[in-house]
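Work through the exercises below with the coordinates open. Try each task before reading its solution.

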Amino acid sequence: MNTLSYKTISVNKETAKKEWVVVDASNQIVGRLCSKVAKLLRGKYKPTFTPHVDCGDNVIIINADKIIFSGNKETDKVYTRYTGYPGGQRFNTPAQLRQKKDGAERIIRHAVKGMLPKGPLGRSLMSNLYVYEGSEHKQEAQQPKSIDINQYK
């Protein structure tokens, strides 16, 4: 067998086969759901994965308001943000964030963003994530296929 006859095929932006998938987040644990979604966005479940290219799927998460935290994280976990002013550090728990508009969406986006690469690639991958708190979404025209996220590792 001649090993020089094999070539590693690297996918680029034009040859990547991107799909649209819908993930139902009802009764899913936040960290486990978001780690699988981050892998979907990155394209790690595909045999044509290329580390430096956006070759992942476009992911639509519905029922984001029905996510759950394991243990006491709902009240003990603290999200920190900074306004930019002296003394402007603000703290919120997931329970407080859920009260606000788009709170569940913020929780999911924060978790997924931390699991993606930092830099221009990670920022562009975040634009492929769509989060909706209800069961309806606006991407019907793309004909997304519904997947069971529990089937993925």
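**Exercise 1. The sheet**

Task: Find the strand order of the open sheet of 4 strands and the direction of pairing. Then find which strands are the edge strands.

Solution. 
- Step 1. This is a predicted model. Its open sheet has 4 strands in the order β5-β2-β1-β6, and the pairing is parallel.
- Step 2. Look for strands that pair on one side only: these are β5 (129–131) and β6 (145–147), the edge strands.
- Step 3. Check one pairing. Strand β2 (residues 58–62) runs parallel to β5, and 3 bridges join them. I61 has V131 as its bridge partner in β5.

**Exercise 2. Helices on the sheet**

Task: State which strands helix α1 touches and what angle its direction makes with that of β2.

Solution. 
- Step 1. Helix α1 (residues 30–42) packs on the sheet and touches β1 (20–24), β2, β5 and β6.
- Step 2. The direction of α1 makes about 155° with that of β2. On the 0 to 180 degree scale, angles are taken between N-to-C directions.

**Exercise 3. An aromatic pair**

Task: Classify the ring pair of Y45 and Y152, and say which parts of the chain it ties together.

Solution. 
- Step 1. The search of the whole structure gives 2 aromatic pairs. One of them is Y45 with Y152, at 4.7 Å centre to centre and 55° between the planes.
- Step 2. Apply the cut-offs. Stacked needs planes under 30 degrees apart and edge-to-face needs over 60, so the remaining angles count as tilted. The Y45–Y152 pair is tilted.
- Step 3. Place the residues. Y45 is in the loop between α1 and β2 and Y152 is in the segment after β6, so the pair ties together parts 107 residues apart in sequence.
- Step 4. Y45 is partly exposed at 28% relative accessibility. Y152 is also partly exposed, with a relative accessible area of 25%.

**Exercise 4. A lysine without a partner**

Task: Is K36 buried or exposed, and how far away is the nearest side chain of opposite charge?

Solution. 
- Step 1. K36 lies in helix α1.
- Step 2. K36 is buried. The nearest side chain of opposite charge is D148, 8.0 Å away.
- Step 3. A salt bridge needs nitrogen and carboxyl oxygen within 4 Å. K36 has no salt bridge.
- Step 4. List the contacts of K36, leaving aside neighbours within four places in sequence: Y45, I149, N150 and Y152. Y45 and Y152 are the two rings of the tilted pair.

**Exercise 5. Salt bridges**

Task: Take the pairs D54–K18, E19–K145 and D57–K46.

Solution. 
- Step 1. A whole-structure search finds 5 salt bridges.
- Step 2. D54 and K18 have their closest N and O atoms 3.0 Å apart. D54 sits in the loop between α1 and β2 and K18 in the segment before β1, 36 residues apart. K18 is partly exposed at 31% relative accessible area.
- Step 3. E19 and K145 come to 3.5 Å between their closest N and O atoms. E19 is in the segment before β1 and K145 in strand β6, 126 residues apart. E19 is partly exposed at 37%, and K145 is partly exposed at 44%.
- Step 4. D57 and K46 meet at 2.8 Å, N to O. Both lie in the loop between α1 and β2, 11 residues apart.

**Exercise 6. A glycine and the whole chain**

Task: Describe the setting of G122, then find what share of the 153 residues is buried.

Solution. 
- Step 1. G122 lies in helix α5 (residues 120–126). Its relative accessible area is 7%, so G122 is buried.
- Step 2. Not counting residues up to four places away in sequence, G122 touches L116 and P117.
- Step 3. Now the whole chain: buried residues make up 38% of the 153.
- Step 4. The chain has 5 helices and 6 strands.

Conventions:
Residues are numbered from 1 along each chain as its sequence is written. This is a predicted model: local features need pLDDT of at least 70, side-chain atom pairs count only at pLDDT 80 or more; totals for chains, interfaces and linings use all residues. Side-chain values use heavy atoms; hydrogens and water are left out. Two strands pair if DSSP finds at least two bridges between them. Helices (H or I, at least four residues) and strands (E, at least two) are DSSP runs, numbered from the N terminus. Contact means heavy atoms within 4.5 Å. Rings of Phe, Tyr and Trp (its six-membered ring) pair if their centres lie within 6.5 Å; planes under 30 degrees apart count as stacked, over 60 as edge-to-face and the rest as tilted. Buried means under 20% relative accessible area, exposed over 50%, partly exposed in between (1.4 Å probe, protein chains only). Lys and Arg count as positive and Asp and Glu as negative; His and the chain ends are not counted.
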